[in-house]
Each structure stands twice: as structure tokens, then as C-alpha cells.
Amino acid sequence: MAIKKSYIAAMIITSLLVGCNSSSTSTSTSSTVTVVGISSVPKALSDKYTKALRFDRYTAVITPNGQAIHIIAQDQLSNNQIVRARSVLAHYLTNYTSSKYGSDKSSVANKMAGNGATLLLLNGSDDGKNPAAELDGQPLYQNEIQVEGDEWYIKQDYKHRDATFEEILHLVHDTGIGVDQNEGFIGSLPAYQSDIRSAQVGAMTGRIWGLGNDNKDWIVELTAENSLSQEYFAAAIDSYYGLWGAWKQKDLNSGGMWGIYLAKTRADIKTKDPLGAALIGDFFHPYLTYNARIDESFDGTFSLRYNELKPYTNHSRYLKDVSLTGNKNTNVVVNELDNNITGNSGSNTVIFSGDVGNYTITKLSGNSYLVEDHRDSGDGKVTLQKIESLKFNDAIEKL
């Protein structure tokens with residue numbers, strides 16, 4: 001019996017990300033050594049993305065038809081930043097069962113590869129000084145990529161705001177989904193783009209997106225380059241995955257994406273931009289499907305559960321699976337998403353929200369355990385590897 005392409009796509013993306021579970025953070029590269037799925041730039045690409053332009057590493061998302069969506073990085077990016085960018089791209093292309101347009105994303109992934117989709121991870125900031133930005137590819141800058149657990153991610157002060165989701169969505173939108181009103185349509189989902197366009201037009205006329213007197217010239221520019229639907233959609237996705245929940249302004253109801261978008265949080269999108277909420281649900285998972293590598297610099301307790309006193313949890317609340325890296329004694333607070341948690345070489349404790357009597361703890365193979373919460377709307381089923389202790393409201397259990 002033939003295997004469905006959707007299943008193949010999921011397997012390919014999953015196998016590519018297996019390397020993300022490694023705790024290695026070395027930044028050395030060579031043609032013979034691969035670190036978390038990262039290698040030196042292949043010869044077929046190195047004539048264009050050269051060492052003189054400071055490109056030194058490469059990774060990819062392999063599409064169901066065996067082609068590659070290239071990710072090429074300059075020399076100041078950390079390996080964790082490269083893995084994070086690859087993970088977000090793979091997340092966007094992971095099938096979302098029963099969704100209107102995302103049940104089988106193989107056509108989007110294949111179309112991206114066929115259109116030469118390339119993600120360029122560039123040194124520094126978008127200040128016009130990096131000549132590599134003129135090359136073919138979607139730029140994403142070093143100072144725009146947060147890594148779960150690193151200083152920028154934890155602070156969420158927007159001095160280094162996370163543009164990873166926005167810029168990678170632009171790549172998927174432009175080269176995979178497709179954009180109308182150009183001379184030709186090069187994507188694979190014209191019906192989805194029609195829905196995106198309708199929502200964008202409604203958001204502009206309804207004063208949901210494109211807000212602020214200072215943005216009039218920007219809107220004129222986007223209109224001229226036919227980028228209105230891409231920018232609107234990216235603003236909605238950013239708010240959906242919690243990237244603007246910690247942003248503070250004098251007007252606390254001023255929304256997300258620097259105030260350009262009325263909806264600041266996922267709950268806001270449902271009430272203030274219902275067409276946008278429907279668009280997202282038609283293609284995108286409600287949680288982040290990749291296994292997040294918590295940066296080795298993190299020290300303390302990393303929370304997957306929303307806590308208004310911890311700004312980063314506006315975003316981390318949508319993580320499901322995490323792997324601790326490095327050797328610090330790091331702890332993790334679970335959420336309700338049936339987490340998979342892998343420890344590092346330190347001593348790690350996983351923290352639950354209820355009393356120990358509400359849970360069943362089952363030893364699996366090796367050093368793995370399953371912890372099941374029997375309460376409704378509790379912590380769900382949590383799979384653990386390389387974890388030393390469990391903390392409940394009323395007890396600590398050693399494994």
C-alpha cells in the first residue's frame with residue numbers, strides 16, 4: 001500500500017530535527033563534522049554564498065519530494081540560533097490534521113523547494129550594512145533570533161525582539177502558499193491566499209491592522225510592493241504565538257506588532273479579528289510542534305505554564321516539548337500540552353501543579369518515565385527522560 005505524502009512529510013521533518021536533541025553547542029564547523037544537523041556550506045552553494053561574505057554553515061528542511069529548503073548562516077550566528085530558525089520553518093510545514101489547508105502541507109514544502117526558497121541567517125541587525133542581504137533569499141538577522149532560555153528570550157524587553165516567526169512566515173507565504181496580485185501565482189494554495197487577502201482587506205478597513213498615523217508611508221510602500229497580505233498575516237501569527245504578550249505601552253490595549261495590529265494576544269485575535277483567527281486555525285498548529293532546546297546559559301526554573309510575573313511565558317506557554325542543554329541544574333514547570341521533557345547533564349526537576357495523589361508515575365524503558373495527571377484540565381501526560389526529581393504541591397519524588 002502506498003504511503004501518503006503527508007505521512008512522509010511528517011517523517012522527513014521529524015527525522016531532520018532528531019539532531020536538535022543533542023546538547024552540543026560547539027560553533028566549530030568543517031566539511032566532515034555535523035553539529036545538531038549543521039554542516040559547512042555545500043560546494044553547490046558556496047560559490048554564491050561565499051566565505052568572503054562570511055557564510056560558514058548550512059542546514060536544511062528536506063521536502064517530501066527529496067529536495068531541500070536551504071538555510072545558510074553567517075559566522076556570528078550561534079548553532080542554537082540556526083537550529084531555532086530551522087525548527088520554526090519545520091513547524092510551519094508540519095501537517096496539522098483535519099485543518100482546512102494544512103492537513104497535507106507537502107505541496108507547500110515542495111513548491112518552496114522548487115521555487116528555490118532560501119533562508120539567510122545574517123550577522124548583526126537589519127541596518128543596511130550587510131552586503132549579503134542583497135543575495136537571493138529571505139533575510140533573518142542574528143539580533144532578531146531569540147533562543148528559548150537565552151537572555152533575550154527571558155527578558156522580553158523588545159530590544160532584541162524575536163522576528164523569527166515573522167520572517168520565516170514571509171518565506172513560506174511568498175514561495176509556498178503563494179501571493180496573488182503579482183504577474184503570476186507561484187504558490188500551491190491560491191484558495192488560502194484568497195482567504196488571507198480577504199482578511200487583510202477587512203482588517204485594514206475595520207481598523208484592526210495597519211494602525212498608527214506614523215505608518216501611513218509604510219502602508220503606501222507595502223501597497224506598491226504587494227506586501228500587505230504578508231505583513232498582516234505575520235502580525236497575526238506573532239500575536240497568536242504570544243510574541244507580543246509582554247510588550248508594554250502607555251495604552252495597555254494598543255495591540256501587537258508595535259501597535260500596528262489591534263490584537264495583542266491569542267484571546268484578542270478571537271474577539272478583535274475573527275477572520276484572522278479562522279485563517280490561523282486553517283493551517284497552523286495551536287502549539288509549537290518542535291522540540292525546543294533550552295539554551296545552556298539558562299539557570300533556574302523554566303516555565304511552560306503562563307505566569308504573568310514571567311514575561312517570556314506569554315510565548316513559552318505554547319511549547320510542548322523541550323530539551324535542556326548544558327550542565328546547569330535546570331528545572332521545568334509543565335503545562336497542559338502533554339509535554340515531553342529531556343534533561344541535561346545536570347540535576348533536573350520537573351514541577352507539576354497538583355498533589356502527588358493525583359498522578360500515576362510509570363517507569364518506561366531506560367531512564368524514561370510517564371507521569372499522568374488524572375485531573376480534568378490538569379497537567380496531562382508528561383513523558384520524561386534523564387530527569388532526576390519530580391516536585392508536586394505536597395511532595396518531592398526522586399526517580
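In this predicted model, the lining of the largest cavity is made up by class of three nonpolar, three polar and three charged residues, where Ala, Val, Leu, Ile, Met, Phe, Trp, Tyr, Cys and Pro count as nonpolar, Asp, Glu, Lys and Arg as charged, and the others, Gly among them, as polar. Residues are numbered from 1 along each chain as its sequence is written. Because the model is predicted, local features need pLDDT of at least 70 and side-chain atom pairs count only at pLDDT 80 or more, while totals for chains, interfaces and linings use all residues; side-chain values use heavy atoms, with hydrogens and water left out.

The residues that line this largest cavity are Asn80, Val83, Arg84, Ser87, Val147, Glu148, Asn291, Ala292 and Arg293. Helix H3 (79-92) and strand E5 (288-294) each supply at least two of its lining residues, and the largest share, four residues, comes from H3; helices (H or I, at least four residues) and strands (E, at least two) are DSSP runs, numbered from the N terminus.

On a 1 Å grid over the protein atoms alone, a cavity is a set of points where a 1.4 Å probe fits but cannot get out, whereas a pocket is an open set with protein on both sides within 12 Å along at least five of seven lines, and lining residues have an atom within 4 Å of a point. Grid points are joined across faces, edges and corners, and a volume is the space filled by probe spheres set on the points. There are two cavities of 30 Å³ or more.

| Space | Volume | Lining by class |
|---|---|---|
| Largest cavity | about 50 Å³ | three nonpolar, three polar, three charged |
| Second largest cavity | about 40 Å³ | three nonpolar, two polar, three charged |
| Largest pocket | about 450 Å³ | seven nonpolar, five polar, seven charged |

Of the 19 residues lining the largest pocket, Glu167, His170, Leu222, Glu225 and Glu231 are the closest to its centre. H6 gives the most to the lining of this pocket, with four residues.
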